[in-house]
Amino acid sequence: MALFVYLGLFTWNIRTGYMDSLASHTGLELTRWVLSPGRWVGSRVSAFWERYVYFVGLRQENETLRQELAQAREELVSARENASLAKRLSDLLALTPPAEWKREGARVIAHRLGPNAALETFVIDKGRRQDVDVNTPVVAPEGVVGRVLRASMSAATVLLVTDPNSRIPVVSQTTRTQGILAGRGPGAPLTLLYVSLSATVEPGEILVTTGLEGIFPSGLPLAKVTAVNREGASIFLNVQAQTLFDPKHLEEVALLKKVSQPKPADEPDDAMPDTSTRRPKGGSDKKVESGRKRKAQSAPGGVQEGQPERKRASGGQGQ
């Protein structure tokens with residue numbers, strides 16, 4: 001029966017080709033249902049791998065970019081700091097010292113340090129090794145800062161003009177009114193002392209040093225007058241002034257040193273004793289005279305120094 005059915009279908013397929021067509025379509029459909037999930041899984045795996053590799057590369061690239069950005073920021077900060085330092089140093093170098101004075105730069109390394117912390121002071125990196133001594137003037141491009149209070153071998157303490165212990169003779173640049181500029185501590189204005197009621201001082205005037213105290217050269221700007229008023233029965237004006245510099249922003253300062261003038265060549269040196277007219281003391285005269293006699297006797301003919309030529313000649317004939 002089975003053989004009969006098979007032969008019948010075979011004959012019918014040869015005549016119609018329906019079975020071949022059915023088998024072909026059925027095989028293709030089965031192939032599709034088998035291959036499609038595999039292709040889907042393969043595409044997903046491939047996409048995941050590509051995304052993973054891409055994300056790894058992207059992460060590495062991000063890390064590289066972050067490092068480059070951090071380095072660029074550091075370079076920018078360094079460049080800005082160098083530009084600020086160059087600006088401050090150029091302003092300091094533009095400071096022209098007075099005649100017979102020379103300038104020398106110094107760096108501020110500390111503020112209000114050690115036993116002088118109660119005073120308005122700061123410490124610089126120059127000391128006695130660099131010929132920095134007590135009362136050496138300290139200036140900034142804006143004007144006078146103070147003077148050296150103490151000096152060690154490689155550092156020095158500078159007393160600011162704002163300290164209450166600071167007293168500097170000054171004169172107003174326009175009206176030429178003199179007074180003593182005194183400090184009053186941090187944050188307080190300076191005071192111009194001993195200004196007569198009849199004196200003329202205008203707000204905005206620049207106060208410059210007179211050089212009368214023998215420390216600062218004359219003509220250095222020191223402060224600007226901010227207020228002038230009269231108080232009660234006082235016989236002096238109440239004059240307030242403000243410093244030309246900001247103590248909190250000082251990083252570099254200049255030291256002013258007196259230039260020693262060379263002594264002219266034709267000027268006699270008082271330190272050298274004059275021995276041209278000095279004569280030996282005591283028995284030195286006799287020793288010198290006896291030495292002269294021995295020298296004369298040792299000469300040819302035994303003739304002493306000072307004998308006449310005629311006796312020398314006759315003595316020579318007698319021999």
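The model is predicted. One closed barrel has 6 strands in the order 1-2-5-4-3-12, and another closed barrel, also of 6 strands, runs 6-7-8-11-10-9. Antiparallel pairing is found in the barrel that runs 1-2-5-4-3-12, and antiparallel pairing is likewise found in the barrel that runs 6-7-8-11-10-9.

**The barrel 1-2-5-4-3-12**

- In this closed barrel, whose strands run 1-2-5-4-3-12 with antiparallel pairing, neighbouring strands are turned against each other by 45° on average, with direction ignored.
- Strand 4, which covers residues 144–151, is joined by 5 bridges to strand 5, which covers residues 156–160, and these two strands run antiparallel.
- Within this pairing, Val148 has Val158 of strand 5 as its bridge partner.

**Val108 in strand 1**

- Val108 has its place in strand 1, which spans residues 101–111.
- The relative accessibility of Val108 is 13%, and because buried means under 20% relative accessible area, Val108 counts as buried.
- Leaving aside residues up to four places away in sequence, Val108 touches Phe122 and Val123, and also Leu250, Glu251, Glu252 and Val253.
- One of these contacts, Glu251, lies 143 residues from Val108 in sequence, while the C-alpha atoms of Val108 and Glu251 are 5.1 Å apart in space.

**The barrel 6-7-8-11-10-9**

- In this closed barrel of 6 strands, which runs 6-7-8-11-10-9, the twist from one strand to the next averages 45°.
- Strand 6 (residues 167–172) and strand 7 (residues 178–182) run antiparallel and are joined by 5 bridges, and in this pairing Val170 stands opposite Gly179 of strand 7.
- The hairpin formed by strand 6 and strand 7 has 5 residues between the strands, and in this hairpin Arg176 takes a positive phi near 60°.
- Strand 7 also pairs with strand 8 (residues 190–193), in the antiparallel sense and over 3 bridges, with Leu181 standing opposite Leu192 of strand 8.
- Strand 10 (residues 221–229) is joined to strand 11 (residues 238–243) by 6 bridges, and the two strands run antiparallel, with Val225 placed opposite Ala241 of strand 11.

**Background on pairing**

- In general, the strands of a sheet pair through backbone hydrogen bonds, and the pairing may be either parallel or antiparallel.

Terms used
Residues are numbered from 1 along each chain as its sequence is written. This is a predicted model: local features need pLDDT of at least 70, side-chain atom pairs count only at pLDDT 80 or more; totals for chains, interfaces and linings use all residues. Side-chain values use heavy atoms; hydrogens and water are left out. Two strands pair if DSSP finds at least two bridges between them. Helices (H or I, at least four residues) and strands (E, at least two) are DSSP runs, numbered from the N terminus. Axes are lines fitted to C-alpha atoms, for helices over the stretch in contact, and angles run from 0 to 180 degrees between N-to-C directions. Buried means under 20% relative accessible area, exposed over 50%, partly exposed in between (1.4 Å probe, protein chains only). Contact means heavy atoms within 4.5 Å.
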